[in-house]
Each structure stands twice: as structure tokens, then as C-alpha cells.
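Colleague: Could you take me through the charged pairs and the packing of this model, giving the cut-offs as we go?

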Amino acid sequence: MSEKAVLIVDDEADIRELLVVTLSRMGLDVEAAANVAEAKAALERRAFDLALTDMRLPDGEGLDVLRHIAEHYGNTPVAVITAYGSTENAVAALKAGAFDYLAKPIKLDQLRPLVMSALKLPRHPHARRAATGEATVPGVPRLIGESAPMQKSREMIARLARSQAPVYITGESGSGKEVAARLIHAGSARADAPFIAVNCGAIPENLMESEFFGYRKGAFTGADSDRAGYMHAAQKGTLFLDEVGDLPLAVQVKLLRVIQEKKFRRLGDTEEETIDLRIISATHRSLSEQVEAGEFRQDLFYRLNVIEMRMPSLREIPEDVPLLVAQVVGRLARQNGVVPPTVSEEALLALRRYDFPGNVRELENILERAMALCSDATIRESDLYLTQATTREKSAALDGALGTRGLPLHDFLDQVEREAIQKALEATRYNKTAAAKLLGITFRSLRYRLDRLGID
């Protein structure tokens, strides 16, 4: 650790001294600067593994130091020190690319883990490429595709991996939100710690608190022993909250405290525990609309939505469909121990024209079915069973008729809903969680619709 060098930038002599002494005791080589000019001069003289800068400096702002380092020394992480309660400055710094922030008064039990995490960031270019899916790493998924939106997603993931900021990933169901979260984790300083993915919509509401925060023996009837929750499981790692909009308001309050204070309390416990984790959230719904409807806390929304990342839908990147098809067919063939079939040009063209409401997950289902049904080891368009109406067909259905199959509107809509759910269940072999994702709704919503429509 002695070879690691840290630059401290703060105009207050007592804080500089505190930071220098603390970091030196950690075995680090520390240099201090009192303003932006001195910081730039120090950076010219030597390389640093971390810069820790105050936001307010006599000749500028901490953001000036941050931008200068990003422009000239892109591999060096920067953490900023903000005034107590100055959330706006912290958010601005994180959006500008800061690794993390510390609020004054500086707490040494928060400073030390931050420094250690920053110094663990992968520095070698190959490690960064692996983290963003450009290289193959066992156990880490890859983003397939060379289109402009997909390249932009990779660049975003690389930047987010070098930050501790909460990330809010949006995108349609099946567009790869969890893959993006896993890649951010894999490229971060927390890569050696657990990545815990939780589908918030799949947990019964009455079990939410105990599943997330754990409980003590005797906390409620049936709690016959202590149990850890997802928070404990993700300690020092990343907690990925899929369909975060499904969290009930009571759990939202506790999650807000975890993000703000880095503390939580198990059910039945009298003492709080300190937690060190990064939260990445995702949803296919609009959280801002949920905030307006009173279904989601505004303060939590702003905490989760420090940096937003959007994953493109498959119909936005048709040029990547052939690459995805080759990857999926190859993987399925390996799993089944067979030679990969050939995919005809007409089949590829049909897939490129298809809308894919279920995105990559639907593509995988279509290809798995086609591999089972094709003959002569060749997948043809007829093997795909693409049932989606073309734009022309959709238009024709509306020409001169209401297109309700002669049914009252309510019955017609129920029939369409029933057909869509049946198809989703068949495509997922009656896995209701997967069917809900394919339909772009929550598990709870699917369960309600199954009951309402009388589908077993």
C-alpha cells in the first residue's frame, strides 16, 4: 500500500493536517495543496492514485479540480468534501464524475473505507474492458452489439463503475438492466464483494421488511432465530433493486435512511447497524409519475436518481440483432450439446423487422423454440412463429372497422389481455415471474390479472 499516493486539496489547515495524518497512518504517501493552483502544480509533478478535494477553495471550486483531473489524468478517482447537508453539491460532483463524497464534519470511519475503495479501482485498461463487457470474464455477462446506442451504454457503464454514486437504470423489460448493473459492479472497487439482485415485485408485501433488513429472534411469531436480510448479504458490495417502484412506502422510508445515514435496524432490534453498500435500482415504469401519484417518496427518488442510465430496447438497435442471434444460438447449442443450426437470411431479416416487446428475453425464447422445431439444421422464417402484426396489418385492422371483433369494448380488451398473458405463460413455460417480466408488468400485477380473468 505504501506506493499509493493521495492528493489532499483543502484550504483549511486543520482539516489538511487531519487528513494527512490519518491517511499517512494507513501507509499512504500523502501530499497536500491549499487551492486549485497548487493542486494543478502537484499533479504536474507526479501521479496520484486518488485526489480528495474540498468543494470550496479560495481560487475556484472542487469541481474545477475534478474536471482538470478528468481531462488530463482520467484514471485518477476524485472524492469531494462537501459542507454538512449540502446535498446539491454532492449530487453535482457525482454527476460530474466524482468517485464519492464526504460530508463535513469528516468522520474517519467513513473516510477510511472510501479511500480503500477508491484505491481498489481497476487501473489496467484490460481490466476496464473486461468490466464493461468488451472482454470475456467467467461469471460476468457481456453486452452484445456494436450499434451506437450500445457503445454509448458501454461508455456509461465504464464511467459509472468508477463512481460510488447511486444509479437508476431505466429501460423496457428484457432490455438488459440487470446485465448493466452487474457490469457496473464488476468494474467497480466493490467487484470482490457480493452483487445481490432483488426483484422487489416478487416479494410479498408483508415480508418486505424482514427480507430486506433481517430480524432478531422473537421479533414476531415464527422468528425462532436471528436472520440476516439482503442488506447484510450485500455488505461492502452492490444491492440491485429491480422494479424498485414496487417497494411499499414503509420500506421506502427505511431505504432512505440506509442511503443517507448508511444505517439500518433489524426487526426486533434496539440498535442500528452500519452498512457499506452501493445501491443500483431499475424499473421499466416511470418513477417520476409514481412520485406524482403519491406512490413513491420524492426524497428517495432524488436519492436513487443521482445518475440515470437508459438501456435501449431491441427494436432501437436492429443492426445488433444478427450478433445477438449468433450469440444466443451458440449458447443454446452448447447447453444442449448440439451443432449450432444455420439461421437463414430471411429469418434474420424477419427478426430485424420484429418489434420485440419482450426484448432480448423474447429473442431467446423465439430462438430456443425455433431450434427445437427447425429441420435440416436450418432456422427459417417459418420456424420463428412471429405472431406480431406488421404495421400494414395493424392499419388494415382499423380501416373501416373498430377492430373489436364484434365484442363490447370491455370484453374485447379482456380477450386481448387474456391472449397476451396466455402467450407469455406459454413462452416462459408457465414461469409466472418470467411471464410478468415478458409482459412488462410486476409479478403482483400479473397475479391480480390472473385472478380477475380466471386463468389458472
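What follows is a set of questions and answers on salt bridges, strands and helices.

Modeller: This is a predicted model, in which local features need pLDDT of at least 70 and side-chain atom pairs count only at pLDDT 80 or more, while totals for chains, interfaces and linings use all residues. Residues are numbered from 1 along each chain as its sequence is written, and side-chain values use heavy atoms, with hydrogens and water left out.

Colleague: Which lysine meets aspartate 242 in a salt bridge, and how many residues apart are the two?

Modeller: Aspartate 242 has 8% relative accessibility and therefore counts as buried (buried means under 20% relative accessible area, exposed over 50% and partly exposed in between, with a 1.4 Å probe and protein chains only). Its side chain meets that of lysine 437, with 3.6 Å from N to O. Aspartate 242 lies in strand E10 (residues 238-242) and lysine 437 in helix H20 (residues 432-439), where helices (H or I, at least four residues) and strands (E, at least two) are DSSP runs numbered from the N terminus. The pair thus links distant parts of the chain, and the partner is lysine 437, 195 residues apart from aspartate 242.

Colleague: Is arginine 297 buried or partly exposed, and what is the distance between its closest N and O atoms and aspartate 299?

Modeller: Arginine 297, at 29% relative accessibility, counts as partly exposed, and aspartate 299, at 30%, counts as partly exposed too. The two form a salt bridge in which the closest N and O atoms are apart by 2.7 Å.

Colleague: Which residue in E7 stands opposite isoleucine 81?

Modeller: Strand E6 (residues 78-82) and E7 run parallel and are joined by four bridges, where two strands pair if DSSP finds at least two bridges between them. In strand E7 (residues 100-103), the covered face holds Asp100 and Leu102, and the uncovered one Tyr101 and Ala103. The residue opposite isoleucine 81 is leucine 102.

Definitions and conventions
Salt bridge = Lys/Arg side-chain N within 4 Å of Asp/Glu carboxyl O.
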